Amino acid sequence: MTLIRDMCYPTPHELALAARALADEHPALARLRQIGASRAGEPLWLLSVGDGDASRAVLVVAGAHANEPVGGATALALARRLIREATGSGDAEAGGAAPRPDAGTTPTTPTAAGTTWHFLLCADPDGAALHRTPRPYSLLDYHRNFFRPPGPEQPEWAPSLLPPDRLPPETLALTRLIDELRPALQVSLHGTDLGGSWVQLTRDIPGLAEPFGKSAAELHIPVETSASDASGWPSPGAGIFVMPEPGTTDDGPFHPEDTRLSTWYHAHRHAGTTAIVEVPMWASDLVDDPAPHPDPRAALRVLAGRLTADAARVAALRESAGGGTDPGAAALLRAVDWTLALIPRITAEWTGAGAPAEATAAYIGSIDAFGRRLSLRAAAMLLRVLRAQGQPTAPAVDRLVTGWCEEFADRFQARWVPVATQVEHQSRVVLAAYDRLVAAGR
């Protein structure tokens with residue numbers, strides 16, 4: 001795919017055009033249909049590959065978070081890969097996904113094994129239109145046009161934060177699709193700005209850690225062994241985390257949402273399993289360091305103090321933006337306010353009685369990155385509004401964003417992971433999860 005080779009993330013429109021071309025070229029294998037529309041009326045496209053009468057379904061969801069654009073490229077690469085396997089064309093230039101690592105069993109050809117694969121190309125096209133980073137060259141470039149909606153406006157998270165009668169149309173379309181397809185495996189493709197790769201599972205997929213780790217090692221992507229998103233969750237292997245089951249303890253300090261009410265768990269109604277595959281845009285070995293940290297509680301107190309101070313700086317500058325009458329500005333400001341409101345709860349957890357007395361350097365590194373990105377994201381979105389309004393405070397926020405991006409990259413010795421490599425790793429992990437699930441008889 002040219003867009004991938006050129007290190008460029010495709011837009012939802014470009015993904016739809018490429019998917020339409022695939023469906024037109026392979027009508028017996030590929031079908032494209034609209035399964036709903038966004039709040040702004042943008043189509044939600046589903047590309048299906050395989051036998052329409054297959055007994056097993058896999059659903060791959062891309063673009064659930066607007067600031068994580070790699071998923072659409074991976075979905076398209078996987079679709080091309082499946083078509084090549086089904087037709088025996090072996091066209092290495094057509095797809096992007098490399099051969100998957102040995103999963104410990106004889107890999108099946110997914111489209112010939114009674115399985116149809118379904119790719120939701122972008123779950124949030126409205127958000128994708130506000131986050132514009134087709135070709136980021138640095139963390140600063142990435143944050144210049146940053147947008148990540150508040151939790152209630154994110155398709156996968158909304159059910160954990162809103163009553164059923166207030167769910168956005170993107171969420172309703174996704175849950176209807178899950179009920180229609182009854183997927184044995186749902187995969188949500190996500191990405192992180194800086195760090196490593198990890199996988200979250202709603203149920204354990206035995207043996208997934210081996211091919212996941214092998215792929216990461218081959219592609220020189222660090223494994224995030226203590227991901228802040230999965231703090232306290234069981235880990236059957238390095239970088240693999242199993243979510244709490246419904247009815248158990250809460251999710252911890254990093255989720256104001258309850259993951260068990262998200263669309264990830266909706267697949268459980270049909271005996272399905274969901275995997276969330278994270279891959280970094282910029283890699284850092286600091287999140288892959290297993291050495292014990294000498295004083296985790298002291299480190300967390302320092303990180304909490306810095307985050308509180310950074311958030312206060314953003315909050316003071318936020319007042320100059322007002323309410324924002326333009327729809328785009330209003331969306332950005334809602335996201336700024338949502339992000340700032342999370343921070344007191346998070347810092348309280350970092351400094352409370354539950355703070356770990358023992359932890360790895362990787363854990364503290366992951367927490368450090370998590371805190372930095374919160375204040376940075378809020379400042380970056382605020383800067384967009386202030387610039388558009390011509391506010392005199394914009395230069396001060398610009399300096400803040402620029403400095404924080406440079407500090408973030410320097411502290412973590414960030415190195416760019418080419419888009420093709422991000423896509424290749426996600427593709428391998430998705431296919432390995434499928435192979436392991438089939439091997440387990442699910």
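Biologist: How many disulfides does the count come to?
Modeller: Happy to start there, with the reminder that this is a predicted model. A disulfide needs a pair of cysteine sulfur atoms within 2.5 Å. By this rule, the number of disulfides is zero.

Biologist: Good to know! What share of the residues of the chain count as buried?
Modeller: Let's look at the chain as a whole. It has 13 helices and nine strands, and it exposes about 16,600 Å², with carbon and sulfur atoms supplying 54% of that area. Of its 442 residues, the share that counts as buried is 59%.

Biologist: For contacts with a separation of 6 or more, what percentage comes from residues 24 or more positions apart?
Modeller: A contact here means heavy atoms within 4.5 Å. Among contacts in the chain with a separation of 6 or more, residues 24 or more positions apart account for 79%.

Biologist: Now helix α13: how many of its residues are buried?
Modeller: Helix α13 covers residues 419-439 and reaches 30 Å from its first C-alpha to its last, close to the 30 Å expected. Just after α13, Gly441 takes a positive phi of about 80°. The helix itself is mostly covered, and of its 21 residues the number buried is 18.

Note on methods:
Residues are numbered from 1 along each chain as its sequence is written. This is a predicted model: local features need pLDDT of at least 70, side-chain atom pairs count only at pLDDT 80 or more; totals for chains, interfaces and linings use all residues. Side-chain values use heavy atoms; hydrogens and water are left out. Helices (H or I, at least four residues) and strands (E, at least two) are DSSP runs, numbered from the N terminus. Buried means under 20% relative accessible area, exposed over 50%, partly exposed in between (1.4 Å probe, protein chains only). Accessible areas come from the Shrake-Rupley method with a 1.4 Å probe; for residues, only the protein chains shown count as cover. The expected span of a helix is 1.5 Å times one less than its number of residues.
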